[in-house]
Amino acid sequence: GCDDASEDHALDLTLAVFVWSTGRGADAVNYVGLFDLNQWYFSQLPRKCRWRPSGRQSGVLGCSYFSFFSLDLALSGEKLMDAFVFDVSLFSVATVAEEEHFWPSADAFGVYCLCSESVNMCKFFGLQRTVLRELCSCGSFAFSEPQHFLSDCATAMLGPTSSLDQSVQPSDIAFQKKALLSVALEYGLQSVCTSCANSWISEGGIVLLIDWIELKIAELVLEKDKLWKHLLSANPLELSEIHVGHKLISSMEQV
């Protein structure tokens with residue numbers, strides 16, 4: 001629930017939160033779920049919730065209108081009496097967002113759990129944020145097994161489809177590292193790129209980084225020329241396209 005709603009903080013009546021338990025006693029399992037009414041309508045009001053496995057090729061996870069998570073790690077074995085969900089926020093991206101970025105699985109939120117002997121709090125960051133946080137925390141160490149992280153990025157629909165396509169040179173480690181660097185750049189993880197630069201200089205892998213930088217510069221030049229053609233021809237241009245180009249150029253300058 002949420003009290004004291006105002007014009008500046010209006011309630012989102014299209015998003016419902018459910019908390020439930022299965023089993024009894026020590027075997028009870030507690031869940032919190034997010035149900036998006038808009039996405040349910042868009043899916044033509046299905047009567048059942050069918051889950052599709054998160055295949056590495058398809059990059060599809062779960063359901064477009066409903067997602068749920070376990071609360072048991074926050075309960076520490078105590079009995080759940082009540083729960084309060086707060087700070088629900090959508091995944092915000094600088095690029096043109098994929099459809100999966102608007103699914104409930106992408107939402108970040110926190111839950112206060114009133115237990116039999118204490119009050120505990122847990123936070124869920126959403127699928128996309130979780131993948132990016134893990135990549136950021138690992139830094140250059142993520143590139144020792146780039147295919148693992150690329151698979152997670154594909155599942156979360158993070159980055160260009162061409163970079164995440166596992167069928168394209170799947171055993172080429174250099175290709176995988178460049179694709180992962182592109183994901184880090186696109187989502188503002190400059191610290192990951194600089195971590196790789198510092199690590200690869202001593203390991204003799206700086207040639208790969210230079211090749212990737214030259215490739216990204218060439219792509220940005222083409223993107224800038226494309227934007228200028230739109231402006232000079234007076235064609236309608238989305239502000240998001242300008243923002244994307246500016247964001248990537250700023251990221252490259254920092255790297």
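Reply: Strands here are DSSP runs of E with at least two residues, helices are runs of H or I with at least four, and both are numbered from the N terminus. Two strands pair if DSSP finds at least two bridges between them. Strand 1 and strand 2 (residues 29-36) have eight bridges, in the antiparallel sense. As for who faces whom, Ser21 stands opposite Asn30 in strand 2.

Before the side chains, some ground rules: this is a predicted model, where local features need pLDDT of at least 70 and side-chain atom pairs count only at pLDDT 80 or more, while totals for chains, interfaces and linings use all residues. Residues are numbered from 1 along each chain as its sequence is written, and side-chain values use heavy atoms, with hydrogens and water left out.

On to charges. Lys216 and Glu219 form it, with their closest N and O atoms 2.9 Å apart. Both lie in helix 8 (residues 206-232), three residues apart, or about one turn of the helix. Lys216 is buried at 13% relative accessible area, whereas Glu219 is partly exposed at 38%. The scale: buried is under 20% relative accessible area, exposed is over 50%, and partly exposed is in between (1.4 Å probe, protein chains only).

Now helix 7 (residues 190-203), where you'll find Ser195. Ser195 is partly exposed, with a relative accessible area of 25%. Leaving aside neighbours within four places in sequence, Ser195 is in contact (heavy atoms within 4.5 Å) with Gly139 and Ser140. Phe141 is 54 residues away from Ser195 along the chain, with 9.0 Å between their C-alpha atoms.

Last, the cysteines. With a disulfide taken as a pair of cysteine sulfur atoms within 2.5 Å, the count is zero. Cys193 is in no disulfide, and the nearest cysteine sulfur, belonging to Cys196, is 6.7 Å away. Cys193 counts as buried at 1% relative accessibility, and Cys153 counts as buried at 0%.

Terms used. A salt bridge is a side-chain nitrogen of Lys or Arg within 4 Å of a carboxyl oxygen of Asp or Glu.
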